[in-house]
Amino acid sequence: MSANYVTCRACGAQIMELAEICPKCGVRQKAPPVTVVTFEKSRVLFALLQIFLGPLGIHSFYVGRNWNGIINLIVAFGIGWLGFIAVQWTMHLVVGIIWLLRSDEAFQTEFMK
């Protein structure tokens with residue numbers, strides 16, 4: 001047969017190379033293409049979560065660092081000293097602003113490994 005034909009993997013009939021389904025037996029020849037959807041995390045959303053909800057650890061949960069988020073929650077609600085919370089807010093504000101100024105590539109490298 002011609003180079004444009006192949007053998008059906010189920011019934012052995014000669015079918016066109018581009019055929020997805022054998023016209024004789026109806027068996028699919030090639031698996032349909034698989035579409036993989038990936039969700040990239042937003043650097044800006046991460047930074048805003050860190051600035052406004054930093055001590056609650058929401059930004060850590062957002063990037064999949066759940067243990068860091070749990071530790072933030074324990075510290076925020078467990079200790080709860082007003083002065084310590086103020087220090088935490090300040091720290092998260094500074095780090096959030098730094099992430100706003102950094103590149104998306106740096107964010108992807110750091111959190112989407």
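Reader: Why is Asp104 called partly exposed?

Author: Asp104 has 40% relative accessibility. Buried means under 20% relative accessible area, exposed over 50%, partly exposed in between (1.4 Å probe, protein chains only). So Asp104 counts as partly exposed. This is a predicted model: local features need pLDDT of at least 70, side-chain atom pairs count only at pLDDT 80 or more, and totals for chains, interfaces and linings use all residues. Residues are numbered from 1 along each chain as its sequence is written, and side-chain values use heavy atoms, without hydrogens and water.

Reader: What makes Arg43 and Asp104 a salt bridge?

Author: Their side chains meet at 2.7 Å, N to O. A salt bridge needs a side-chain nitrogen of Lys or Arg within 4 Å of a carboxyl oxygen of Asp or Glu. The pair qualifies. Arg43 lies in helix H1 and Asp104 in helix H5, so the bridge ties together parts 61 residues apart in sequence. Helices are DSSP runs (H or I, at least four residues), numbered from the N terminus.

Reader: Why is Arg43 called buried?

Author: Its relative accessible area is 13%. The limit is under 20%. So Arg43 is buried.

Reader: How do you know that the buried residues of H5 line one face?

Author: They are Ala106, Phe107 and Phe111. Seen down the axis of H5, they fall within an arc of 105°, so they line one face. The arc is that of the directions from the helix axis to the C-beta atoms. On the other side, Glu105 and Thr109 are exposed.

Definitions and conventions
Helix = DSSP H or I, 4+ residues; strand = E, 2+ residues; numbered from the N terminus.
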